[in-house]
Amino acid sequence: MFNIFKKKNHSQKLDMANIPNHVAVIMDGNGRWAKKRGLPRSAGHVVGAKNLEKIIQYAGDIGIKNITLYCFSTENWKRPKDEVDALMKLFVQYMHDYDKLMGDKKARVRFLGTREGIDPEICDLMEEVEKKSEMNDELNVNLCLNYGGREELVNAVKLIAEDVASGKIDPKDITEKDINDRLYTSFAPDPDLIIRPSGELRLSNFLLWQCAYSEFWFSDILWPDFVPKRMEKAIIDFQQRNRRFGGV
């Protein structure tokens, strides 16, 4: 039986000539990590954010050019208000000092998702961080905040519909590129590897269009414990796969 949870093999080494260009991560398990320790869920998010600092540093160190992180989904508003408030406070804290999150990397930061429903002051901070970092080119860090894959596709369809209505596009000429160019990730290649720790085996409305030929890697390790060595193992497993993209 196929074991979807990969076992650690200390004898394997990273192939530095085959580093994925784009890695996407569903950062899951903060609440469960805290609950196991008798802590409030918000404490798990704080530790998870600290771990994110390490993961971004590691990604830049090994030459990953694009890393996309699922921070807060359009469905996460359904969580208890105190947890949502704590998350938003944490976002604000890091946006005021985003260099701390990036470590020594000259990273360009983008926020992917709809701004609708987010406090205007937080939106202003997001725009400020994007503007301050827009000339950095060492690493693209894409933070999915109020993001949903279906919402992203609906938004792209609306933009195409507007162009059809104005006569810019003939419906018969619509291609995959027209859709791709209107996604939040239009500036980046599709993810080579999508990682989800925490033991859940689903995408949870994440990068639904972009994942067509992504490799998936799942682990039962909760996000606060998903340290760079764990990510290294995921990349080693990725490097051992034969990506055929529908060919032979």
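How many of the five residues of S1 are buried? In this predicted model, five of the five are buried, so strand S1 is largely enclosed by the rest of the structure. The strand covers residues 22-26. His22, Ala24 and Ile26 point one way from S1. Val23 and Val25 point the other way. Residues of both sets are buried. In a regular strand the side chains alternate between the two faces of the sheet.

S1 belongs to an open sheet of six strands. The order is S3-S4-S2-S1-S5-S6, and the pairing is parallel. S3 and S6 (215-218) stand at the edges, each with a single partner strand, so one side of each lacks a neighbour in the sheet. Neighbouring strands are turned against each other by 20 degrees on average, direction ignored. Strands of a sheet pair through backbone hydrogen bonds, either parallel or antiparallel.

The two partners of S1 can be taken in turn. S1 and S2 pair in the parallel sense over five bridges. Along this pairing, His22 stands opposite Asn66. Val23 has Ile67 as its bridge partner, and Ala24 has Thr68. H2 packs on the sheet and touches S2 and S4. The direction of H2 makes about 160 degrees with that of S2. S1 and S5 are also parallel, joined over three bridges. Here Val25 stands opposite Ile195 in S5.

Strand S2 spans residues 66-73. Eight of its eight residues are buried, so S2 too is largely enclosed by the rest of the structure. Seven bridges join S2 to the parallel strand S4 (residues 139-147). Asn66 stands opposite Asn140 in S4.

Helix H3 comprises 16 residues (residues 81-96). At 1.5 Å a residue, H3 should span 22 Å. Its end C-alpha atoms are 23 Å apart, which agrees. The buried residues of H3 are Glu83, Val84, Leu87, Met88, Leu90, Phe91, Tyr94 and Met95. Seen down the helix axis, these residues fall within an arc of 155 degrees, so they line one face of H3. An α-helix has 3.6 residues a turn, so residues three or four places apart point the same way. The face turned away from the buried side carries the exposed residues Lys81, Asp82, Lys89 and His96.

Several loop residues were examined individually. Thr114 is found in the loop between strand S3 (107-112) and helix H5 (120-133). Its relative accessibility is 17%; buried means under 20%, so Thr114 counts as buried. The side chain of Thr114 reaches the backbone nitrogen of Glu116 at 3.1 Å. Beyond its neighbours within four places in sequence, Thr114 is in contact with Leu145, Asn146, Glu151 and Tyr184.

The loop between S5 and S6 holds Gln210. At 2% relative accessibility, Gln210 counts as buried. The side chain of Gln210 makes a polar contact with the side chain of Thr185 at 2.8 Å. Not counting residues up to four places away in sequence, Gln210 touches Thr185, Tyr147, Glu152, Leu183, Asp190 and Pro191. The C-alpha atoms of Gln210 and Ala188 are separated by 10.0 Å. These two residues are 22 residues apart along the chain.

Leu207 is found in the loop between strand S5 (193-196) and S6. Leu207 is buried, with a relative accessible area of 1%. Its phi is positive, about 50 degrees, although Leu207 is not a glycine. Most residues other than glycine have a negative phi, and most peptide bonds are trans. Phe245 likewise has a positive phi of about 50 degrees without being a glycine. Phe245 lies in the segment after helix H8 (228-239). At 48% relative accessibility, Phe245 counts as partly exposed, whereas Leu207 is buried.

How values were computed: Residues numbered from 1 in each chain as written. Predicted model: local features only at pLDDT ≥ 70, side-chain atom pairs only at ≥ 80, totals over all residues. Heavy atoms only, no water. Helix = DSSP H or I, 4+ residues; strand = E, 2+ residues; numbered from the N terminus. Buried < 20%, exposed > 50% of the residue type's maximum accessible area, 1.4 Å probe, protein only. Polar contact = N/O pair within 3.5 Å; in protein donor to acceptor, adjacent residues only side chain to side chain. Contact = heavy atoms within 4.5 Å. Pairing = 2+ DSSP bridges. Expected span 1.5 Å × (residues − 1). Arc of directions from axis to C-beta. Axes fitted to C-alpha atoms, helices over the stretch in contact; angles between N-to-C directions.
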